[in-house]
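Open the model in your viewer and keep the sequence panel beside it. This tour tells you what to select at each stop and what is there.

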Amino acid sequence: MIKHVFLTGPPGVGKTTLVQKACEALVSSGHAVEGFYTQEVRDGGRRVGFDVVTVDGQRGPLSRTRDMAAAAPGGREHTVGQYVVDLSSFEHQVLPLFRKPAPADHRRVFIIDEIGKMELFSQSFIRAVRNTLDSCTVLGTIPVPKGKPLALVEEVRSRADVKVFTVSKENRDSLLPQILSVLQECSS
């Protein structure tokens, strides 16, 4: 039985936008929605990083380009391409969300946008994702496979209780009803 929905597709195709639209629709249909999504940060038209934004609007840095990044405590840096990951900020924003108790009616959908290279520097995040997949319905995003496989991403992708939708420019405007249909069934 399908319990979770994950979106995959190339960067910039509209996965996060679909997640946000699904959140709005789920809330208006009486579901409790918790979790987070990532959002580009731009400065003068140039992408300088990503922020983590919780469903209830709290925001904190996930990463910044090296020229915009604060020095990491203890000198330990985690990088993905040109971005320096602010692991402390990420964990501070995201990990408490995983600890919130589910509502009594269990009609909760947990948003995880995304499970990617930057997020996977956190072992606590990895454990929290695994626990959440075993305890409630999840709507999330995962990157398309390229290069060295990411263990948790492949674990999620291969779970029998996960439905993966591949988002493209051609189908992104028509996928929302299908995603909502699966989620409504999962969480009822």
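**The whole chain**

Read along the sequence, the chain runs β-α-β-β-β-β-β-α-β-α-β-α-β-α. That comes to five helices and nine strands. Helices (H or I, at least four residues) and strands (E, at least two) are DSSP runs, numbered from the N terminus.

Two notes before you select anything. Residues are numbered from 1 along each chain as its sequence is written, and side-chain values use heavy atoms, with hydrogens and water left out. This is a predicted model: local features need pLDDT of at least 70 and side-chain atom pairs count only at pLDDT 80 or more, while totals for chains, interfaces and linings use all residues.

Show the C-alpha trace. Along its principal axes it spans about 45 × 40 × 30 Å. The radius of gyration is 16 Å, which agrees with the value near 16 Å for a compact globule of 188 residues. That radius is taken over C-alpha atoms, and the globule rule is 2.2 Å times the number of residues to the power 0.38.

Now switch to a surface. The accessible surface comes to about 9,600 Å², and 51% of it belongs to carbon and sulfur atoms. Areas come from the Shrake-Rupley method with a 1.4 Å probe; for residues, only the protein chains shown count as cover. Buried residues make up 46% of the 188 residues. Buried means under 20% relative accessible area, exposed over 50%, and partly exposed in between (1.4 Å probe, protein chains only).

Of the contacts with a separation of 6 or more, 65% are between residues 24 or more positions apart.

**Stop 1: strand S1**

Select residues 4-8, strand S1. Five of its five residues are buried. In a regular strand the side chains alternate between the two faces of the sheet. Look at each side of S1 in turn: His4, Phe6 and Thr8 are on one side, Val5 and Leu7 on the other, and all are buried.

- Val5 stands opposite Leu139 in S8.
- Phe6 stands opposite Gly140 in S8.
- His4 stands opposite Val162 in S9.

**Stop 2: strand S8 and the crossover**

Keep S8 selected. Five of its five residues are buried, so S8 is largely enclosed by the rest of the structure. Thr137, Leu139 and Thr141 point one way, Val138 and Gly140 the other.

S7 and S8 pair in the parallel sense over four bridges. Ile111 stands opposite Leu139 in S8. Now trace the chain from S7 through helix H3 (residues 123-133) to S8: this β-α-β crossover is right-handed. To check the hand, point the strands away from you; right-handed means that the path from the first strand over the helix to the second runs clockwise.

**Stop 3: the aromatic cluster**

Show the rings of Phe, Tyr and Trp (its six-membered ring). They pair if their centres lie within 6.5 Å; planes under 30 degrees apart count as stacked, over 60 as edge-to-face and the rest as tilted. By this rule there are six aromatic pairs.

Zoom in on Phe36 and Phe90. Their ring centres are 6.1 Å apart and their planes lie at 80°, so the pair is edge-to-face. Phe36 lies in strand S2 (residues 32-43) and Phe90 in helix H2 (residues 87-99), so the pair ties together parts 54 residues apart in sequence. Phe36 is buried at 0% relative accessible area, and Phe90 is buried at 1%.

Move to Phe98 and Phe125. Here the centres are 6.0 Å apart and the planes at 75°, so this pair is edge-to-face. Phe98 is in helix H2 and Phe125 in helix H3, 27 residues apart. Phe98 counts as buried at 12% relative accessibility, and Phe125 is buried at 0%.

Select Phe36, Phe90, Phe98, Phe110 and Phe125 together: ring pairs link them into a cluster.

**Last stop: Pro177**

Go to helix H5 (residues 176-186) and pick Pro177. Is Pro177 buried or exposed? At 56% relative accessibility, Pro177 counts as exposed. Draw a distance to Gly30, 147 residues away along the chain: the two C-alpha atoms are separated by 17 Å.

Terms used
Pairing = 2+ DSSP bridges. Contact = heavy atoms within 4.5 Å.
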